[in-house]
Amino acid sequence: MAVNESILINAAVQTDLISDSKLLDYKQQARRERKEVLDVISFENRMPVSAFYQSLAEYRGIPFFHVHELIPAYDILQRLPANTVQRRLVFPVYREGELYLVMADPDDQVALDTISRLLGKKVKTAFSEPDGLQLVIARYYHQKINFKVKALEEPDYIDIFNILVKEAWLRRSSDIHLEPEKAYLRIRFRVDGHLQEYSRGLSKEDAEGLINRIKVLANLDIAEQRLPQDGGISFQMADWAIDDIDMRIATIPTRWGERITIRLLAGNDEGMSLDNVGMPQRILTEFKTLINQKFGIVLVTGPTGGGKSTTLYAALRELDTAALNILTVEDPIEQFLNGISQVQVSTKVSFSSALRSFLRHDPDVILVGEIRDHDTAEIALKAAMTGHLVLSTLHTNNAIAAVNRLVDIGCERFLIASSLIGVVSQRLIRRLCTHCKQEYKATDEDLSILEINDKDKVNLFRAKGCPHCLGTGYRGRTGVYEFFGIDSDIGHLIEQGNNENQLRSKAKIYLSLWEDGRNKVFQGITSLDEAIQLKIKEY
């Protein structure tokens, strides 16, 4: 580590990244567990070490560069001796036309004086993580990228995998992407729906060893490198007292080697209640009414990764499992619920075959992970019509489109009209970081987008970026919801073949995604930049 641990911890305290009152406890815990204090603080506060480097930059009042921002100033780099760049960990980068010397140690005056003398002028300094600088420098000079593991001379791929999973957990990541490039393995994490590049990489040789190790853990064929494979892992992180993390592993061959995507299941959403998913009160009231009906089908629609499963799990937690017989069929089972029988889809058990079997098990409530085909849809609709409450998901752009989607699959309109009792559509948008969100007066353009005619002062919030949110300006996500209530009148219109616009105009209860997103902008939960995506597709 180019910067002393105590300097990083002091900066974190000074910038309120961590509490000074708990620092003594962290030090005592580190002594008991024979760990570094920084590792203990990182785990207890669930924040990666990169947050501490950013807090140091903030404390010193110098710019911080994330690894994806370290794009070399080629004209300057060609004038610098390679050994100076590699040994002192310095890297010239342009930002908005200004030249910065990005350094691993902001106190390295020798490096700064040397570079200034070579260039014949003073340069502005900036700061970045040492690992990130080593990564981009190695790439620039086409050197082998070393993934250093403490106390190990040779790479241990279990330890490397453990480090990656720990980093993903600290960042609250949903996916780990291992992407082979020509000379190295690129590593990225999906956090709050956006990809973040990791500050470490792997050489081609080490990448092959890591990928084979993951395939062994997931019971995949390491000899098969030409076909996609899927598997799963229940992984226990070394030295950290947290529950095993269930993962879904997918491999696929690419030009430069096998790519692996790791989905971390459950995690942050486990145990979430309906009151906390972000539903506005009016939709929440209507939805709770629907899931307490004795029969009918309730659909939650939206894109992949839109939070549909989280909403349905939260709905099941609202139900009385002691009084009801609840059965689910899922692919995969993402969260395990007490008092509920959950079935995993496999080569021998499909959604439709499980549904047929469920009807012989005296169910009160059935959850179908996803309606994908006519067979599953028809059985689900008939089950809903014959005295069972069915909850399921469907891929559509909005709530009302669920009707046409079921028709396209091949369902009869009379069956849809008599079974469907409500549709919720949802998206996930990022929450503004509460530590750094910035208030500002809305511009005329903002007011136009928000459809506000009143020219009185309207204050909104925008993303800024701080160590708490790793410079993104956002931390966590919330649901944005649309609701389409279906009564007998709407059912009659569905049966008659009315289009989406006609159904929307006649619906007694209809709340759009944009309306909910707009309200969350006014409440300071999210930014206009995040909510505007909900308005891109006009209905």
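Proline 92 stands opposite leucine 101 in strand 2. The model is a predicted one, in which local features need pLDDT of at least 70 and side-chain atom pairs count only at pLDDT 80 or more, while totals for chains, interfaces and linings use all residues. Residues are numbered from 1 along each chain as its sequence is written, and side-chain values use heavy atoms, leaving out hydrogens and water.

Strand 1 and strand 2 (residues 98-103) run antiparallel and are joined by 6 bridges; pairing requires that DSSP finds at least two bridges between two strands. Strands (E, at least two residues) and helices (H or I, at least four) are DSSP runs numbered from the N terminus. The open sheet has 3 strands in the order 1-2-3, with mixed pairing. Strand 1 (90-95) and strand 3 (124-127) are its edge strands, each pairing on one side only. On average, neighbouring strands of this sheet are turned by 40° against each other, direction ignored.

Helix 7 (residues 109-119) lies across strand 1, strand 2 and strand 3, at about 145° to strand 2. Angles run from 0 to 180 degrees between N-to-C directions, with axes fitted as lines to C-alpha atoms, for helices over the stretch in contact. Contact means heavy atoms within 4.5 Å.

Elsewhere, the axes of helix 9 (residues 157-171) and helix 10 (residues 204-217) come within 9 Å and cross at roughly 80°. The two helices are therefore roughly perpendicular, a class covering 65 to 115 degrees, whereas under 35 is roughly parallel, over 145 roughly antiparallel and the rest oblique. Among the residues that meet are Phe161 and Leu164 in helix 9 and Leu210 and Ile214 in helix 10.
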